[in-house]
Amino acid sequence: LKEKHGIDVCVMTTRRDVDALGWSKKPRPYMPDLTPEYKIDRVAFAESVLVNPEYLEGPVFDPLKFAFSDESYFGCGDTRSHQYVPDGARPDPIGKAKWTARVHVFGIITNEGYRMFRVPASGEGSGDNGGCNSHDFVRKLQEACGCMTTFLGNRILVLDGATIHTSKFTTDWFASKGIKTMIGERTKKHVARTIGTWPPNSPDL
């Protein structure tokens with residue numbers, strides 16, 4: 001207001017007036033940055049899926065044939081920024097540490113539920129700077145192979161284009177276990193080992 005109209009209004013006054021209008025502050029959702037090229041890729045992907053017999057149940061596309069996966073880090077400490085307390089009571093302080101413990105989890109979700117598997121977190125792996133590489137990733141999947149293959153059944157496992165998913169070592173391992181995959185198209189080098197490619201910047205789990 002000050003820059004555009006020369007009106008000098010403090011933040012508290014602005015908040016009070018906005019509250020009086022019945023407006024509330026809400027977090028903005030994150031959306032994939034879909035460029036025109038990405039949109040073309042997604043349309044082409046959808047058209048190819050609808051005619052691929054791997055994805056059909058009779059003549060109809062069957063979304064239940066897919067198992068979606070993703071990875072994320074979870075902090076081990078209490079990182080809540082707000083806490084409900086009785087009147088007059090003080091909330092518990094948040095322990096501030098430069099480095100907090102984190103757990104790296106690989107999750108798979110289907111129409112019948114989900115499964116989560118712990119993979120090496122940053123600093124625990126054998127890759128550069130302790131990162132998780134393809135050998136670390138496959139080693140953890142190997143430990144849970146029986147549980148994972150039973151849960152997947154005959155579904156197609158969809159993975160994003162992370163290097164640990166697209167590497168020859170990983171795609172060879174999936175193929176050796178009879179696990180059908182659709183992997184993000186970061187590179188076309190190992191596409192022949194997969195059922196199809198998942199377009200870049202697809203919605204995140």
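Guide: The crossing of helices H4 and H7 is right-handed. Please keep in mind that this is a predicted model. The contact draws on Ser134, His135, Phe137, Val138, Leu141 and Gln142 from H4, and on Phe169, Thr170, Trp173 and Phe174 from H7. Sorted by type, the residues of this contact of H4 with H7 come to 6 nonpolar and 4 polar, with no charged ones.

Now for the geometry. Two packed helices are described by the angle between their axes and the distance between the axes. Here H4 covers residues 134-143, and its axis comes within 9 Å of that of H7, crossing at roughly 20°. That makes H4 roughly parallel to H7, because angles under 35 degrees count as roughly parallel.

Let's stay with H7, which spans residues 168-176 and holds both Asp172 and Lys168. These two residues are 4 apart, about one turn of the helix. Their side chains meet in a salt bridge, with 2.8 Å from N to O. Asp172 is partly exposed, at a relative accessible area of 30%, and Lys168 also counts as partly exposed, at 43% relative accessibility.

Side chains of opposite charge can pair when their charged atoms come close. In this model the count comes to 5 salt bridges, and a couple of others deserve a visit.

One of them joins Arg155 to Glu112, with the closest N and O atoms 3.4 Å apart. Arg155 sits in the loop between helix H5 (145-152) and strand S6 (156-159), while Glu112 sits in the loop between strand S4 (102-110) and strand S5 (113-119), so the pair ties together parts that are 43 residues apart in sequence.

Another salt bridge brings together the side chains of Asp17 and Arg16, at 3.5 Å from N to O. Asp17 is partly exposed, with a relative accessible area of 39%, and Arg16 is exposed, at 53%.

Methods: Residues are numbered from 1 along each chain as its sequence is written. This is a predicted model: local features need pLDDT of at least 70, side-chain atom pairs count only at pLDDT 80 or more; totals for chains, interfaces and linings use all residues. Side-chain values use heavy atoms; hydrogens and water are left out. A salt bridge is a side-chain nitrogen of Lys or Arg within 4 Å of a carboxyl oxygen of Asp or Glu. Buried means under 20% relative accessible area, exposed over 50%, partly exposed in between (1.4 Å probe, protein chains only). Axes are lines fitted to C-alpha atoms, for helices over the stretch in contact, and angles run from 0 to 180 degrees between N-to-C directions. Angles under 35 degrees count as roughly parallel, over 145 as roughly antiparallel, 65 to 115 as roughly perpendicular and the rest as oblique. A crossing is left-handed if the near helix is turned anticlockwise from the far one by less than a right angle, and right-handed if clockwise. Contact means heavy atoms within 4.5 Å. Ala, Val, Leu, Ile, Met, Phe, Trp, Tyr, Cys and Pro count as nonpolar, Asp, Glu, Lys and Arg as charged, and the others, Gly among them, as polar.
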